Amino acid sequence: MLHDPNRIFIFDTTLRDGEQVPGSQLTTREKIVIAEALQSLGVDVIEAGFPISSPGDFKSVVELSKIIRDPIICALTRANKGDIDCAVEALKHARHPRIHTGIGASDMHIKYKFNSTREEIIERAVESVKYAKKFVEDIEFYAEDAGRADNAYLAQMIEAVIAAGATVVNIPDTNGYCLPEQYGSKILYLKENVKNIDQAIISVHCHNDLGLATANTIVGLQNGARQVECTINGIGERAGNTSLEEVVMILKTHKSLNLTNRINTKHIYELSGMVSRMMRMPVQANKAIVGKNAFAHSSGIHQDGVLKHRENYEIINPEDVGIDQSEIILTARSGRHALKHHLERLGYANDRLDLDQVYQRFLTMADAKKEIKDDDILFLMGVEAEVNYKNGVKINSLLVTCGNETEPSAEINLNYKGTEHKATAYGNGPVSATINAIQSIMASDVEIKEFNIHSIQGGSDDVSKVDMRVIHEDKSYMGYGFSTDIVRASANAYLDALNKFV
């Protein structure tokens, strides 16, 4: 076959092998949505289903064949005419159809699954390929349990099915048994001992029973395989299949392998989430590439290194897989650099902060909580906003008066740069009066553009969060305040905003 010798074809079996996970079955409509996303991702082959297994699988292969235009649509069969006839009918609308047929190759399967002989199994394999070839040009043959098959016998089988018309030969490690060196040497053995191997593409299909699926897949490619059979998130029977995202990002990261593919990696993270939701299969937090912790850093040493130069602790740019940026997780192990990063992200300028004081307050909070979120930082800065700033404006006292017969007023005492300032002001409510009193002292040209009050948990004694956006000299500043008293929370938010530029 003529093709770029360094081109790796990506065969996605999420909709077939991946769907064999109990409780993860998809409707035809869901399969179409995922298949269209796989098409956008750039996969070369979509294994759409096993048509004879159920009316639902048959219908899914039919509908995907009608809609998907670029990737090859593949249907799985066993090595018998009934399966193949059903697959041919399901694929009749496919622009690029492929039949994937095969039979067991290990002595274990030959004896205990088929109660047959090596010679009879090869005869059945050849007959199935020849029969499928009458209807579809592109035939892939799988030698099930090839991982435990005798290499010499496996080579004999592969040579025979290629002679019968197979265009792709799949060498599956069906039970995830092989060590990488065993699997790699098996692929190399076929390359060197199957006379007509240049007439077909060798495909690797590895399972993760021993956690070696991705490693075996890569070593298979290094020894001459040129198609990878994989699934999104590595889902699949038992411990799962080779993970598409892992293989693709290994090839992207290790350019010395000199192997290429058509995958648009920026779609990986979005598609991972789609498959997880639709198939009700949560992605483990420490899953490579797409787990929520894959680009998260909580150790202070790592955080400092990443913030100084991302590649100190990240070999993959998160943007390459569709993630906006790394996540710096604040915990009791985080250092000043990580805290400073989050403060700046939330609009706090380092040159205006007493960072040492803020950091000590942060450590006290972090010791009491496993993880510090944005609201925790805002609470840290907003409960007593003025004490966190160098030369900040501070409330010494605040007295508010309001009632049915009384015009709301606020009497405030502020401290700024060591000097006390007092003022009384009126407003249409206690918050308005307090803001007016502060403004009369500061004499700043400040316009409040947004003012929002949030309850943190609910209840009459709950802490309220106020966020406020103000405009000063055509620049926007956010202020945050917290208190069980709405008026004090509002005053804290206003001072927090002022302290960012006063």
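At which residues does UniProt place the feature "domain: Pyruvate carboxyltransferase"? The unreviewed entry puts this domain at residues 8–269. UniProt positions follow the numbering used here, feature names are shortened, and annotations may be inferred rather than shown by experiment. The model is predicted: local features need pLDDT of at least 70, side-chain atom pairs count only at pLDDT 80 or more, and totals for chains, interfaces and linings use all residues. Residues are numbered from 1 along each chain as its sequence is written, and side-chain values use heavy atoms, with hydrogens and water left out.

Over residues 8–269 the chain is 42% helix and 17% strand. The end C-alpha atoms of this stretch are 21 Å apart. Helices (H or I, at least four residues) and strands (E, at least two) are DSSP runs, numbered from the N terminus. Strand β6 (residues 168–173) runs parallel to β7, joined by 6 bridges; pairing requires that DSSP finds at least two bridges between two strands. D173 stands opposite C206 in β7.

Strand β7 (residues 201–206) is mostly covered, with 6 of its 6 residues buried. Buried means under 20% relative accessible area, exposed over 50%, and partly exposed in between (1.4 Å probe, protein chains only). I201, S203 and H205 point one way from β7, while I202, V204 and C206 point the other way.

The largest nonpolar core has 91 residues. Such a core is a set of buried Ala, Val, Leu, Ile, Met, Phe, Trp, Tyr and Cys residues joined through side-chain atoms within 4.5 Å. F141 and I158 have the most contacts inside it. Helix α6 (residues 151–164) gives the largest share, 8 residues. The core draws at least three residues from each of domain 1 (9–279) and domain 2 (296–387); these bounds come from an automatic or database domain assignment. A second, separate core of 27 residues includes I412, I435, I441 and Y494.

The count of disulfides (pairs of cysteine sulfur atoms within 2.5 Å) is 0. The sulfur of C74 is 13 Å from the closest cysteine sulfur, in C230, too far for a bond. C230 is in no disulfide either; its nearest cysteine sulfur, that of C206, is 10 Å away. C74 is buried at 0% relative accessibility, and C230 is buried at 1%.

Aromatic pairs number 3. Rings of Phe, Tyr and Trp (its six-membered ring) pair if their centres lie within 6.5 Å; planes under 30 degrees apart count as stacked, over 60 as edge-to-face and the rest as tilted. Y131 and F135 form an edge-to-face pair, 5.2 Å centre to centre with 75° between the planes. Y131 is buried, with a relative accessible area of 14%, whereas F135 is partly exposed at 41% relative accessibility.
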